[in-house]
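Please examine the structure below with attention to its aromatic rings, its sheet and its nonpolar cores. The explanation that follows takes these topics in turn.

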Amino acid sequence: MPSAPTSICLLRLSALGDVTHVLPLVRTLRAAWPQVQLDWVIGRGEQKLLEGLPGVEFHVYDKKSGVAGMRALRRGFDGRRFDVLLQMQVAARANLLSAFIPAKRRIGYDRARSKDLHGLFVNERIPDRPGIHVLDAIGSFCEPLGLRQREVVWDMPVPAEAHAWAAAQWPEDERPALLISPCSSHVLRNWRAERYAAVADHALSRGWRVVLCGGRSALERETADAILAAMQGPALDLVGKDTLKQLPALLARAALVMTPDSGPMHIANAMGAKVLGLHAASNPARSGPYSDRRYCVDRYDDAARRFRGRPAAALKWGTKIEHEGVMDLVTVDDAVAAFERYCADHPGSDSGAGR
């Protein structure tokens, strides 16, 4: 076992899916070095999701606070200097923020994944391994410290009252739940409401319960209303009704979660739910549900050929294809086929059909 540093600071502000990917790294560090002081500079919403994570001291940075907030963050360290900074975000704001975090070793991304002058703010780099999932890339931040992330453990901090709230939303019976979280923060990854509705009605015809969830934004409310209006059958509408602490518990109750590439996709995966991911704008091999992609729709190669004029294999790893209309490449038949793959793998999942 390599010698333990005294203190490590993690810098990853956002987004919800990405901070979920950091959890296994925290578990790896804590398992190797139970006594190490772990601090995490994080965004406000992301801290709410992970509040209660044992052995980690959070420092919230509000993106709206600018350089003044960065100075306040530094003052909050009370003169401490970290042995190690893991700089896991390459955006310009995060790079500048890292300069306000005093640390001897400053570990960042390899040159291929660096941008916005990232290399000026680090003095060590993780290995360059193209073709791996985002979670594995984040996990490799422990390698310059002499560790390897050999198992992936999330163990999200979800309080008992959050599970109790989720359990109260629908009865525990033989009907499996298809939970639809229809919106990503990247609007060009979102699917059409009428297509969600068609898959939801198919699930209802198979005896499933359909549940809608999402945040409190106008887009999420409008999308949910459009799905409900287009459906022939009923759905339980929980959009805007859960908190960030209740969301993981809600996702865990679903048999299958249908969503584009989004934070809820990765939270659902971390909670053990199966995911029907809708991918065209992004590559599911890089940013799909980490544990199981059997029930994902993958139109990324079609998108690369349509919008970039070449196959996906010819694109730089991690390329996003966020063009207007790209998600139209994902058809209702694609999603229904993915749903049926789940049913075939889980006999009895349509036992309520015809009720």
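Eight aromatic pairs are counted in this predicted model. A pair of aromatic rings is described by the distance of the centres and the angle of the planes. For Phe77 and Phe82, the ring centres lie 5.2 Å apart and the planes stand at 90°, so this pair is edge-to-face. Phe77 has 1% relative accessibility and therefore counts as buried, the threshold for that class being under 20% relative accessible area. Phe82, at 1% relative accessibility, also counts as buried.

Another edge-to-face pair is formed by Trp208 and Tyr342, because their planes meet at 75°, with the ring centres 5.7 Å apart. This pair links distant parts of the chain, its two residues being 134 residues apart. Trp208 belongs to the loop between helix 7 (193–205) and strand 8 (209–212), whereas Tyr342 sits in helix 13 (residues 332–345). Both Trp208 and Tyr342 are buried. Through ring pairs, Trp208 and Tyr342 are joined with Tyr295 and Phe339 into a cluster.

Six strands form an open sheet in the order 3-2-1-4-5-6, and their pairing is parallel. Strand 3 (56–60) and strand 6 (124–125) stand at the edges; each has a single partner strand, so one side of each is left without a neighbour in the sheet. Strands of a sheet pair through backbone hydrogen bonds, either parallel or antiparallel. Between strand 1 (residues 7–11) and strand 2 (residues 37–42), the parallel pairing extends over five bridges. Leu11 has Val41 of strand 2 opposite to it.

Helix 1 (residues 16–32) lies across strand 1, strand 2, strand 3 and strand 4 (82–87). Relative to strand 2, helix 1 runs at about 170°.

The nonpolar cores complete the picture. The largest nonpolar core holds 58 residues, of which Ile8, Leu29, Trp40, Leu86 and Met156 touch the most other members. Helix 1 contributes the largest share of this core, seven residues. What does Leu29 touch, not counting residues up to four places away in sequence? Its contacts are Ile8, Leu10, Leu38, Leu86, Cys142, Leu145 and Leu147.

Notes: Residues numbered from 1 in each chain as written. Predicted model: local features only at pLDDT ≥ 70, side-chain atom pairs only at ≥ 80, totals over all residues. Heavy atoms only, no water. Pairing = 2+ DSSP bridges. Helix = DSSP H or I, 4+ residues; strand = E, 2+ residues; numbered from the N terminus. Contact = heavy atoms within 4.5 Å. Axes fitted to C-alpha atoms, helices over the stretch in contact; angles between N-to-C directions. Core = buried A, V, L, I, M, F, W, Y, C linked by side-chain atoms within 4.5 Å. Buried < 20%, exposed > 50% of the residue type's maximum accessible area, 1.4 Å probe, protein only. Phe/Tyr/Trp six-rings, centres within 6.5 Å; stacked < 30°, edge-to-face > 60°.
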